[in-house]
Amino acid sequence: MKTVYSVGQVNRYVKNMFIQDYVLRKVYVKGEVSNCKYHTSGHIYFSLKDETGVLSCVMFAGQRRGLAFRMKDGDRVVVGGAVDVYERDGRYQMYAKEITLEGAGALYERFLALKAELEEMGMFAPEYKQPIPRFIRRLGVVTGAAVQDIRNISLRRNPYLQIILYPALVQGDGAADSIVKGIRMLDEAGVDTIIVGRGGGSIEDLWAFNEEKVARAIFECRTPIISAVGHEVDFTIADFVADLRAPTPSAVAELAVDDMAQVMYTLSSYQERFQRDMREKIEFQRVRLGQYQMRLKYLSPESRLRDRRQALVDFEDTLRRAMDNKLQQYRHRLGIYLERYQGLSPLAK
């Protein structure tokens, strides 16, 4: 009798085979990227291909920290991860955990090693981060061609801002020393905030911002520093050491410089609200003052004294009338007593 299996049982059996294969649990595959799609969920779906075949791949959003550049079709990459079966569809694919550009693997390893070393030394610790001033008057910028974006956006947001530029080399030989010199000069110049950055590029293009000397210059700087290197997905050592990271050079100006038009609008709103509240309070106190004046008018000491004085006058009149009445009565009685006395006296006979 033949055994019949369900589709799910077969897929589950194949999946277990993949799970038990030690080689497939951690494997590195190189190839050319095709059909690359950044999903709204944060996952990245793509394929690796070479002249012999195609391998489906996915990098979940939680693993995106393993991607230091924005991947696109045509990139030659090395993908590290596990090969497993997607049981529902019965197909296998690679689940990527790290992706590096082919030929940049050695640089990426250096990047990870230095990042781990500096993190262990505490150079990324939040307690060493300086707050970025809310309102700045002098902005220092260490960059190359990205200065135009930073300058245009900064002055549009605050036309009164003074920008001090140090035009540094941001790529190639001597770039790291140039960036360090720019940071130290602007720190001595007494600016309120320093922006350090450049536009996007490969890991080789951005490598100056992964140098230890640049990281130490940022860490030792007394002025708050904002790092703005590459695209949003690009991370460098400078980003981790800086007091604040901007996703792009264009966005850094919005983080560093307040929009004066919005500030003036806010102040105007506060002024109108303050004046309205003061008018309401003054009107309320004016009504209360009128009420107190009325009460004082009827309950004041002067009014009470007048009332008491009138009461005394009335009492005096009443007392005088009573005394006059009593006196009349006494006189009448005295007359009666005198008549009686004269009628009984012997002399009267």
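Let's start with helix H4, residues 147-157. Its buried residues are Val147, Ile150, Ile153, Ser154 and Arg157. Why do these residues share a side of H4? They cover an arc of only 150 degrees around the axis, which puts them on the same side of the helix. Keep in mind that this is a predicted model.

Next, the nonpolar cores. The largest one has 36 residues. Which members touch the most others? Val142, Ile179 and Ile183 do. Several elements supply at least two residues each. The helices are H3 (105-120), H5 (175-189), H6 (212-220) and H7 (237-241). The strands are S8 (193-198) and S9 (225-229). H5 provides the largest share of this core, with six residues.

Take Ile179 and look at its contacts. Leave out residues up to four places away in sequence. Then Ile179 touches Val142, Ala168, Leu169, Val170, Val196, Ala208, Phe209 and Val214. There is also a second, separate core, and it has 20 residues. Val33, Met71, Val79 and Ile99 are among them.

First, the largest pocket. Its volume is about 200 Å³. What lines it? By class, the pocket lining has nine nonpolar residues, one polar and two charged.

On to the cavities. How many are there of 30 Å³ or more? The structure holds two.

The largest cavity holds about 70 Å³ of space. Eleven residues line it. Nearest its centre lie Ala68, Phe69, Leu101, Tyr108 and Ile203. Strand S5, residues 91-101, gives the most to this lining, with three residues. The classes here are eight nonpolar, two polar and one charged.

The second largest cavity holds about 50 Å³. Its lining is Ala68, Phe111, Ile203, Leu206, Asn210, Asp234, Phe235 and Thr236. That divides into five nonpolar, two polar and one charged.

Technical notes: Residues are numbered from 1 along each chain as its sequence is written. This is a predicted model: local features need pLDDT of at least 70, side-chain atom pairs count only at pLDDT 80 or more; totals for chains, interfaces and linings use all residues. Side-chain values use heavy atoms; hydrogens and water are left out. A nonpolar core is a set of buried Ala, Val, Leu, Ile, Met, Phe, Trp, Tyr and Cys residues joined through side-chain atoms within 4.5 Å. Buried means under 20% relative accessible area, exposed over 50%, partly exposed in between (1.4 Å probe, protein chains only). Helices (H or I, at least four residues) and strands (E, at least two) are DSSP runs, numbered from the N terminus. Contact means heavy atoms within 4.5 Å. On a 1 Å grid over the protein atoms alone, a cavity is a set of points where a 1.4 Å probe fits but cannot get out, and a pocket is an open set with protein on both sides within 12 Å along at least five of seven lines; lining residues have an atom within 4 Å of a point. Grid points are joined across faces, edges and corners, and a volume is the space filled by probe spheres set on the points. Ala, Val, Leu, Ile, Met, Phe, Trp, Tyr, Cys and Pro count as nonpolar, Asp, Glu, Lys and Arg as charged, and the others, Gly among them, as polar. The arc is that of the directions from the helix axis to the C-beta atoms.
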